[in-house]
Amino acid sequence: MIGMGSARSGDDFVEFRLPGGRHDLSPAEVAESQRLRLLGAAAQILAERGYARTTSAAIARRAHVSSAAFYVHFESVSDCLLAAYEMTADSLSEIVSEACEAPIEWPLRLGRAVDEVLSFLAAEPALAELLGPEAPAGIASIAAARARLVESLAGRLRGGDIPQKERGEIPGATERGLIDGAAGLIADRVRTRDTTSLLGLAPELTEILAIPYREASAA
Amino acid sequence: MHKRRRLMDAIADLSATRGYQATSIAALVRHAEVARKTLYDNFESKEEVFLAALDSGISEGLRRTEAACEAAGGDWRQRIGAGLDALLQYLAENPAEAHIFMIEALSATPASSARYDAAIERFIELLRQNVPAGNGLPGTIEETLVGGVAWILHREIRRGKAGSVTALCPELRAFLFAPYESSTKRGP
């Protein structure tokens, strides 16, 4: 698990601590484990306190590393939050790509992708909150990363199996807007309700994301 | 202009250009051309000035949107379209207010981010009141649509294009109408 580039497995990497005493992890593995804990901790602190009150000291304390170790990995709080965001975005892209390659019909693949994304986020609520508006509003580089993520997911949505000619004219903003809206909805549910209700959103979100293609598929 | 208003305008301008956190009391009173004492005669803190500016911008934006929806008559497309136009027009005419509402409010303070959430809630409610009834769409559709519009606007404003958000009207209209159009056309 250690050394992975992303949190794809759903392991609780924030609480993950190396056993005390002797272990056979290389320094690089120890460093990677620290880095993952810092990323998870940064997302948690941001969710709890908001951007203005997210400090490197609080992140380091939550991740059980020293403040000095924080600056070995990251230049600043915003640098760390950006890395957490990118890790989340990579995980989501990976999950969606995998679901989209399943050998099933398009609407079912969309449903599977939604299910898998929601299960991942329900297991990592702090990462789910990164999808809300706070992190990108506070940090320009996260806003850019968010735009890239939405663009790539919109591309996946557009790449459904419905042939071009049947689709008709779907305005450019439609898929992006639905994905933006869905991300906000997920972040809001994580923030204000329990994470189990997140999984219950799957049928609605699947239906909503399929809206641009409904007429085409009914035709 | 009233000094209280001048301080509110100044904090909107400064927060929009350099960010709320980076705006000092000294810069604020200088920009508003009032004495430091005037600030404290009218407000408790920098945050209170910011929240007053934010509240005033949000309620004016909401007021114009609601008024336009109501004035547009009975057709749901016309009502939603008119509301959207009025909101975009307001944001384009008031780029500093647009910036503090759509961007700074989210990261400035917990109270300002709660104001943002409450405003979004009002827009969701407004959309819900104006869409065709019995459309058979999921209950979270309006929340998703308003969230989507908010993000598209957020991006434009962050790119410094608050003044020209009205150019997004056709795209955003199509985005807001699409779900209801396909549900009404699809029939029973």
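Which residues in H6(B) meet which residues in H8(B)? On the H6(B) side they are Ala98(B), His99(B), Met102(B), Ile103(B) and Leu106(B). On the H8(B) side they are Ala150(B), Leu153(B), His154(B), Ile157(B) and Arg158(B). The model is predicted.

**Helices H6 and H8 of chain B**

- Helix H6 covers residues 95-108 and helix H8 covers residues 141-158 of chain B.
- The angle between H6(B) and H8(B) is about 100 degrees, and their axes lie 10 Å apart.
- H6(B) is therefore roughly perpendicular to H8(B), because angles of 65 to 115 degrees are classed that way.
- Sorted by class, the residues in the contact of H6(B) with H8(B) are seven nonpolar, two polar and one charged.

**Helices H5 and H7 of chain B**

- Helix H5 (residues 76-93) of chain B packs with helix H7 (residues 110-130) of chain B at an angle of about 155 degrees, and their axes are 9 Å apart.
- This angle makes H5(B) roughly antiparallel to H7(B), because the term applies to angles over 145 degrees.
- From H5(B), the residues in contact are Trp76(B), Arg79(B), Ile80(B) and Leu87(B).
- They meet Phe123(B), Leu127(B) and Asn130(B) of H7(B).
- The contact of H5(B) with H7(B) has five nonpolar residues, one polar and one charged.

**The cavity**

- One cavity of 30 Å³ or more turns up in a search of the whole structure.
- The volume of the largest cavity is about 290 Å³.
- Its lining has 19 residues, and those closest to the centre are Leu84(B), Leu87(B), Phe123(B), Val146(B) and Val149(B).
- Two of these, Leu87(B) and Phe123(B), also belong to the contact of H5(B) with H7(B).
- Helices H4 (46-71), H5, H6, H7 and H8 of chain B each give two or more residues to the lining of the largest cavity.
- By class, this lining has 16 nonpolar residues, three polar and no charged.

**The interface between chain B and chain A**

- Contact between the chains involves 34 residues of chain B and 35 residues of chain A.
- Between them, chain B and chain A bury about 2800 Å², and 60% of this is on carbon and sulfur atoms.
- The residues of chain B that lose the most area to chain A are Thr144(B), Trp151(B) and Arg155(B).
- Together, Thr144(B), Trp151(B) and Arg155(B) account for 22% of what the chain B side buries.

Notes
Residues are numbered from 1 along each chain as its sequence is written. Chains are lettered from A and ligands numbered from 1 in the order in which they are written. This is a predicted model: local features need pLDDT of at least 70, side-chain atom pairs count only at pLDDT 80 or more; totals for chains, interfaces and linings use all residues. Side-chain values use heavy atoms; hydrogens and water are left out. Axes are lines fitted to C-alpha atoms, for helices over the stretch in contact, and angles run from 0 to 180 degrees between N-to-C directions. Helices (H or I, at least four residues) and strands (E, at least two) are DSSP runs, numbered from the N terminus. Angles under 35 degrees count as roughly parallel, over 145 as roughly antiparallel, 65 to 115 as roughly perpendicular and the rest as oblique. Contact means heavy atoms within 4.5 Å. Ala, Val, Leu, Ile, Met, Phe, Trp, Tyr, Cys and Pro count as nonpolar, Asp, Glu, Lys and Arg as charged, and the others, Gly among them, as polar. On a 1 Å grid over the protein atoms alone, a cavity is a set of points where a 1.4 Å probe fits but cannot get out, and a pocket is an open set with protein on both sides within 12 Å along at least five of seven lines; lining residues have an atom within 4 Å of a point. Grid points are joined across faces, edges and corners, and a volume is the space filled by probe spheres set on the points. Buried area is the accessible area (1.4 Å probe) that two parts lose on being put together, summed over both.
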